Amino acid sequence: MKGKLLGKVGLIILVAIVLAVIDLPPETKAPYVSWAPDYIKNQQVQLGLDLQGGSALDYKLDLRKVPLEDRKSKVEGNLRVINRRINSLGVSEPNIYITEVGNETHINVEIAGVDIEEAKEVIGKVIQLEFKERKETIDPNEKQEIEKRANEALQRIKNGEDFALVGQEEELSDPTLVTYTSSDWKFRDEINDDLAAKLFAMQPGQVYEGTVETGGEYTINEQGGLVELTGINILKLLEEEEVERTTTEERGVLVRHILIAYKDSDTTAEGITRTKEEAESFANELLERIKNGEDFGALAKEYSDDAGSAELNGVLGKPAGRGAYVSEFESAALALTEKGQVSDLVETKYGFHIIKADDIIDPIESTTTEKHIKYAKIFYSTIPSDWQETGLTGEHFVHADVQFNQVYQPYVSIQFNDEGAKLFAEITERNVGKPLAIFVGGDLVSAPNVNSKINGGSAQITGNFSLEEANTLASELNTGAIPVKMVLAGEYTIGAELANESLAKSLWAGIIGLVIVALYMIVYYRLKGLFAVVALSIYAIILLFLIQSQLDTIVAVIIAVSMFIFLMIKILNSKDNGWEKLLTSILAVFALFFIVYLLASPIVLTLAGVAGVILSIGMAVDANVLIFERIKEEIRDGRPIGSAIDIGFDRAWSSIRDSNFSSLITCAILFYFGSSIIQGFAFNLAAGILVSMFTAITITKTFLKTLVGTSFAKNYFLLGAKPEKKERK
């Protein structure tokens with residue numbers, strides 16, 4: 001029994017040490033948590049504006065034109081858009097929340113480390129719903145502006161400015177348009193043909209006299225389509241040298257073939273009426289005749305539907321293996337390993353092929369002396385922007401709703417007004433088979449494909465949506481349907497120096513509070529007080545872990561459910577009556593949801609929150625005081641220390657539960673009705689109360705139990721009480 005108890009104490013201390021390490025700042029704990037997932041490595045206290053400095057913006061939302069039933073979703077939609085806009089600024093740990101001031105709704109934004117004027121310009125834009133179509137070509141005027149800008153940069157270089165410096169400045173000014181790169185060593189065939197023609201005629205250190213327009217290379221855009229990489233280049237040759245280069249020519253197969261096409265195949269042959277099944281059957285007949293010894297060339301000349309090669313007895317001029325043929329044909333040809341070998345039937349988009357190997361070309365290795373170079377370029381993209389306006393906006397939009405099809409798959413139904421219906425019909429007619437992009441507040445939220453022209457002003461956005469995704473999309477669309485004007489109602493800035501001073505004072509207040517409470521407990525309750533101080537230290541470690549927690553939600557749920565089961569076992573085994581057990585169960589359920597939220601959602605710690613944490617230190621001792629006084633009464637009554645501890649905890653529990661439950665109700669009221677400052681205070685106080693109950697009831701009791709059977713159990717001075725009656729047998 002004693003060993004089991006010591007094992008519990010050891011486990012408590014081990015967990016406390018692990019949590020204490022996790023509580024350290026990221027740079028300090030890095031060597032000790034290299035094994036941990038990122039949400040442990042990066043976990044740290046997130047300080048509010050008043051503790052780290054920065055700026056606060058208070059935006060009033062003008063909701064007068066929004067129907068009452070839509071206002072909640074409209075506010076939440078605006079909050080999501082503002083979140084995206086702030087993320088685009090690269091702001092670290094922003095604090096964004098909604099407040100109600102009388103009948104007004106406000107969105108408060110607290111940010112640090114960003115130009116406040118830039119932030120106001122980005123955040124304050126009206127959130128508008130827009131429908132856009134794919135832009136196929138760049139506007140001539142837009143291209144002229146890009147050319148003008150490139151020529152101005154070239155002129156700066158000719159006037160003596162450093163090439164690399166100009167390129168880096170241009171890229172910084174507009175990274176979506178301009179890219180500066182400096183290459184490693186390249187051979188001619190590794191460079192775009194247009195660039196190579198200029199670069200290999202230049203001298204090291206020379207800047208090409210004009211700009212060079214390039215194209216012919218492709219990339220894949222966000223929608224999965226091929227986009228040509230067109231642009232204007234400014235070139236500088238950095239270095240050149242002659243080197244020996246060894247190249248290997250790929251294995252190839254010289255082939256001849258017989259093509260049997262059918263009516264719907266992709267062929268230039270005329271008068272083809274046979275079906276695909278008939279073509280396959282006829283091709284198999286020819287293949288069988290070839291296997292029986294008939295001349296391949298004669299059959300090709302007589303029956304092949306490839307007129308060009310049929311005249312040459314089926315011979316193709318280019319060897320397979322050089323990318324000259326479609327992939328199915330090349331794969332089958334390269335699978336032939338011997339001269340004269342004939343393939344099985346091969347199907348391509350042109351029809352059915354029979355392929356014969358005329359010759360096998362082995363890989364050839366050769367060494368030549370070639371020039372290779374290093375160069376730098378400033379590239380100005382002339383790729384057309386993905387989307388262009390259609391004139392269809394939120395002004396033409398009525399509403400979006402989530403509905404379900406026959407198999408209960410959710411989709412989003414949208415409705416336009418009469419003018420919007422006409423525009424939508426025109427837009428969908430010219431974009432059949434193409435995506436139509438939906439933007440809210442300048443952000444792309446969806447780009448569904450248009451399957452056909454849509455009349456009547458009603459449409460469906462379908463996809464493999466979950467219900468949550470469909471609801472979010474509908475909310476986004478409704479957010480931009482009636483633009484909500486955001487008025488900057490307030491702005492203030494807290495300097496870093498003032499914030500540091502506030503943080504330092506808060507830390508000292510917490511330390512002084514802990515020390516005073518610890519001294520009082522040790523002096524007044526002696527050995528029991530010492531155990532309470534250890535439990536109080538563990539309480540501080542757990543509370544700090546919860547406040548800065550960034551755990552994965554699944555991990556948070558597992559921890560919280562484990563704690564909940566532990567509490568329920570305690571409740572069911574208690575001697576409380578039915579009403580007391582019900583009250584305790586409600587408290588346990590509340591604790592479950594609260595701790596899940598704490599573990600999965602990092603809390604922004606403000607001055608008010610610090611006040612709640614410091615006050616909760618006193619609340620943490622309150623439970624210990626009640627327990628210790630009950631234990632003293634039992635010792636005075638002559639009970640042994642083990643029995644006194646058990647009875648003292650049992651009899652103190654109802655008082656602890658009732659006082660803390662009433663405090664939690666007060667915290668809930670403050671959190672629901674209070675402003676953000678009051679909410680921070682209430683939230684941190686509630687967290688402290690829950691953790692203090694756990695440490696006082698579980699950890700302190702476990703430590704005290706270790707006294708049973710030791711000499712300390714008979715030292716009444718250390719216990720702070722002595723029997724006043726004879727000990728009971």
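This report describes the secondary structure, packing and selected residues of a predicted protein model.

## Basis and overall make-up

The model is predicted, and local features are reported only at pLDDT of at least 70, side-chain atom pairs only at pLDDT 80 or more, while totals for chains, interfaces and linings use all residues. Residues are numbered from 1 along each chain as its sequence is written, and side-chain values use heavy atoms, with hydrogens and water left out.

The protein contains 22 helices and 23 strands, where helices (H or I, at least four residues) and strands (E, at least two) are DSSP runs numbered from the N terminus. Of the 729 residues, 42% are buried; buried means under 20% relative accessible area, exposed means over 50%, and partly exposed lies in between, with a 1.4 Å probe and protein chains only. Among contacts (heavy atoms within 4.5 Å) between residues at least 6 apart in sequence, 73% join residues at least 24 apart.

## The sheet of β12, β14 and β13

Three strands form an open antiparallel sheet in the order β12-β14-β13, two strands being taken as paired if DSSP finds at least two bridges between them. The edge strands, each pairing on one side only, are β12 (252–260) and β13 (346–348), and the twist averages 45 degrees from one strand to the next. Angles here run from 0 to 180 degrees between N-to-C directions, and axes are lines fitted to C-alpha atoms, for helices over the stretch in contact. Strand β14 (residues 351–361) is joined to β12 by nine bridges, and the two run antiparallel; within this sheet His257 stands opposite Ile355 in β14.

Two helices lie across β12, β13 and β14. Helix α10 (residues 276–291) runs at about 35 degrees to β14, whereas helix α13 (residues 327–334) runs at about 160 degrees to β13.

## Helices with a buried face

In helix α11 (residues 296–303) the buried residues are Phe296, Gly297, Leu299 and Ala300. Seen down the axis of α11, these buried residues fall within an arc of 165 degrees, so they line one face of the helix; the arc is that of the directions from the helix axis to the C-beta atoms. The buried residues of α11 pack against β12, α10, α12 (307–310) and β14, while the face turned away from the buried side carries the exposed residues Lys301 and Glu302.

Helix α6 (residues 116–123) has Ile116, Ala119, Lys120 and Ile123 as buried residues. Seen down the axis of α6, its buried residues fall within an arc of 100 degrees, so they line one face of the helix.

## The pair α19 and α20

Two packed helices are described by the angle between their axes and the distance between the axes. Helix α19 (residues 607–636) and helix α20 (residues 641–673) pack at an angle of about 145 degrees, with their axes 7 Å apart. The crossing of α19 and α20 is right-handed, a crossing being right-handed if the near helix is turned clockwise from the far one by less than a right angle, and left-handed if anticlockwise. The residues of this contact divide into 13 nonpolar, five polar and four charged, where Ala, Val, Leu, Ile, Met, Phe, Trp, Tyr, Cys and Pro count as nonpolar, Asp, Glu, Lys and Arg as charged, and the others, Gly among them, as polar.

Seven bridges connect β17 and β18 in the antiparallel sense, and Phe404 has Pro410 in β18 as its bridge partner. Ser413 belongs to strand β18 (residues 410–416) and counts as buried at 17% relative accessibility. Leaving aside neighbours within four places in sequence, Ser413 is in contact with His399, Ala400, Asp401, Gln403 and Ala459.

Strands β19 (residues 436–440) and β20 (residues 443–446) run antiparallel and are joined by three bridges, with Ser446 in β20 as the bridge partner of Ile438. Their hairpin has two residues between the strands, and Gly441 takes a positive phi near 65 degrees there.

Most residues other than glycine have a negative phi. Asn313, in the loop between α12 and α13, has a positive phi near 60 degrees and counts as partly exposed at 31% relative accessibility. Arg526, which is placed in helix α16 (residues 496–547), has a positive phi of about 55 degrees and counts as partly exposed at 29% relative accessibility.
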